[in-house]
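Hello,

Here is the structure I promised to pass on. Please open it beside this email, and my notes follow below.

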Amino acid sequence: MEELAAEKHVRYILSVEKKKDSFESVVMEHLRMNGAYWGLTALDILGKLDTVDVDEVVSWIISCQHDSGGFGGNVEHDPHILYTLSAVQVLALFNKLDVIDVDKLTSYIVSLQNEDGSFSGDIWGEVDTRFSYIAICCLSILRRLDRINVEKAVKYIISCKNMDGGFGCTPGGESHAGQIFCCVGALAITGSLDLIDKDLLGWWLCERQVKSGGLNGRPEKKPDVCYSWWVLSSLIMIDRVHWISKEKLIKFILDCQDVENGGISDRPDDAVDVFHTYFGVAGLSLLEYPGLKPIDPAYALPVDVVNQIFFSKTSTN
Ligand code: GRG
Ligand code: ZN
């Protein structure tokens with residue numbers, strides 16, 4: 001079996017960051033905040049975050065915060081809750097959460113909660129369980145969960161639960177592994193996992209493993225490395241990870257590497273990108289692949305970063 005080409009992946013991630021005029025960077029312009037989270041978290045799991053200029057990243061993040069408190073995907077881009085979580089996560093990686101205006105950020109997220117407990121992604125109002133997860137994850141990291149109505153937020157998430165045990169983006173929406181990660185993650189963070197039928201959901205999730213060892217996101221779909229995150233983290237949170245073959249999944253992820261130039265793709269022989277490189281490395285971390293830092297399945301941050309947020313002596317509430 002191939003081994004993890006860790007050094008090559010580090011070099012690939014650093015090169016994408018430097019090539020700001022490349023095709024991938026131009027396409028990703030509006031997603032730069034998410035890209036920063038994917039690349040930097042992967043570097044941290046690989047033990048190489050110290051190769052990054054912290055001050056440069058932090059001042060760029062600060063320049064993406066708006067008066068409303070929310071963050072844009074890049075300088076002068078509109079704020080959205082999707083980029084706001086990435087900004088908070090990157091600052092957490094560097095232990096720099098104190099550089100931002102937490103009250104303003106908190107009030108931005110609080111303003112996005114709707115009467116039924118759901119969350120909108122920005123002022124335009126689209127509702128999705130992705131945004132419920134993001135709001136809950138962000139506020140938990142900032143230790144401000146008490147500022148929203150958690151009970152209603154949880155009730156809304158449960159209203160998106162389907163007969164097959166999975167979750168969709170709104171009530172009645174088809175079960176999808178990405179939405180399941182969001183709903184299970186939000187329920188884990190709020191201590192509400194007892195509201196899930198773990199055997200039923202575990203059954204749906206473990207059926208996502210296909211012959212090649214990879215996982216898909218819905219029945220009849222192709223396997224894709226990013227589901228090594230969405231499905232696997234959910235299985236871990238509900239304590240059913242032993243229902244899939246870890247060895248076969250490790251092999252599938254390793255088969256998606258570009259062992260010459262670094263990077264990981266969605267499936268073997270496709271072109272690599274930072275998104276799948278991150279989810280491949282994060283998936284291997286969840287699978288306890290040697291040499292990688294462990295990652296927390298609910299917060300999607302390295303375990304030592306999460307511990308530093310919640311157990312450091314200097315942090316106050
Ligand atoms: C901190 C990890 C982290 C996430 C933040 C944005 C977000 C919260 C979660 C996104 C969850 C989600 C919906 C993921 C799915 C992404 C994806 C691969 C969508 C493609 O779906 P389809 O159905 O593709 O078009 P398939 O794989 O079914 O062909
Ligand atoms: Zn994918």
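Let me start with the ligand. By class, the shell around ligand 1 is made of nine nonpolar, three polar and four charged residues. Here Ala, Val, Leu, Ile, Met, Phe, Trp, Tyr, Cys and Pro count as nonpolar, Asp, Glu, Lys and Arg as charged, and the others, Gly among them, as polar. Of the 16 residues around ligand 1, the ones that come nearest are Arg130, Gly178, Gly217, Lys221 and Ala300; a residue is near a molecule if its C-beta atom, placed from the backbone, lies within 6 Å of it. Helices α5 (81–93), α7 (129–141) and α9 each supply at least two residues of that shell, and α9 gives the most, with four.

A word on what you are looking at: this is a predicted model, in which local features need pLDDT of at least 70 and side-chain atom pairs count only at pLDDT 80 or more, while totals for chains, interfaces and linings use all residues. Residues are numbered from 1 along each chain as its sequence is written, and chains are lettered from A and ligands numbered from 1 in the order in which they are written.

**The overall fold**

The protein chain has 14 helices and zero strands. Helices (H or I, at least four residues) and strands (E, at least two) are DSSP runs, numbered from the N terminus. The C-alpha trace spans about 50 × 45 × 40 Å along its principal axes. For 317 residues, a compact globule would have a radius of gyration near 20 Å, and the 19 Å of the protein chain agrees with that. This radius is taken over C-alpha atoms, and the globule rule is 2.2 Å times the number of residues to the power 0.38.

Of the 317 residues, 48% count as buried. A residue is buried if 20 or more other C-beta atoms lie within 10 Å of its own, exposed if 12 or fewer, and partly exposed in between, with C-beta atoms placed from the backbone. Among contacts between residues at least 6 apart in sequence, 67% join residues at least 24 apart; two residues are in contact if their C-beta atoms, placed from the backbone, lie within 7 Å.

**The core and helix α9**

Which residues touch the most other members of the largest nonpolar core? In this core of 96 residues, they are Ala135, Cys137, Cys138, Cys183, Val184 and Ile253. Its largest share, 10 residues, comes from helix α9 (residues 177–189). A nonpolar core is a set of buried Ala, Val, Leu, Ile, Met, Phe, Trp, Tyr and Cys residues joined through C-beta atoms within 7 Å. Leaving aside neighbours within four places in sequence, Ala135 is in contact with Ile81, Ile109, Leu112, Gln113, Phe119 and Ile148.

Helix α9 deserves a look of its own. Because 12 of its 13 residues are buried, α9 is largely enclosed by the rest of the structure. What covers these buried residues includes α7, α8 (150–158) and α11 (227–237). From first C-alpha to last, α9 reaches 18 Å, close to the 18 Å expected at 1.5 Å a residue; the expected span is 1.5 Å times one less than the number of residues. After α9 comes Gly191, with a positive phi near 70°.

**Two buried residues**

Tyr133 is found in helix α7 and counts as buried, with 27 C-beta neighbours inside 10 Å. Not counting residues up to four places away in sequence, Tyr133 touches Cys182, Gly185 and Ala186.

Arg208 sits in the loop between α10 (198–206) and α11. Is Arg208 buried or exposed? It counts as buried, with 23 C-beta neighbours inside 10 Å. Beyond four places in sequence, the contacts of Arg208 are Ala177, Leu215, Asn216, Tyr227 and Val231.

**Two backbone angles to check**

Most residues other than glycine have a negative phi. Asn95, however, has a positive phi of about 55°. Asn95 lies in the loop between α5 and α6 (102–111) and is partly exposed, with 13 other C-beta atoms within 10 Å. Glu288 also has a positive phi, near 60°. Its place is the loop between α13 (274–286) and α14 (303–311), where Glu288 is exposed, with 10 other C-beta atoms within 10 Å.

Best wishes
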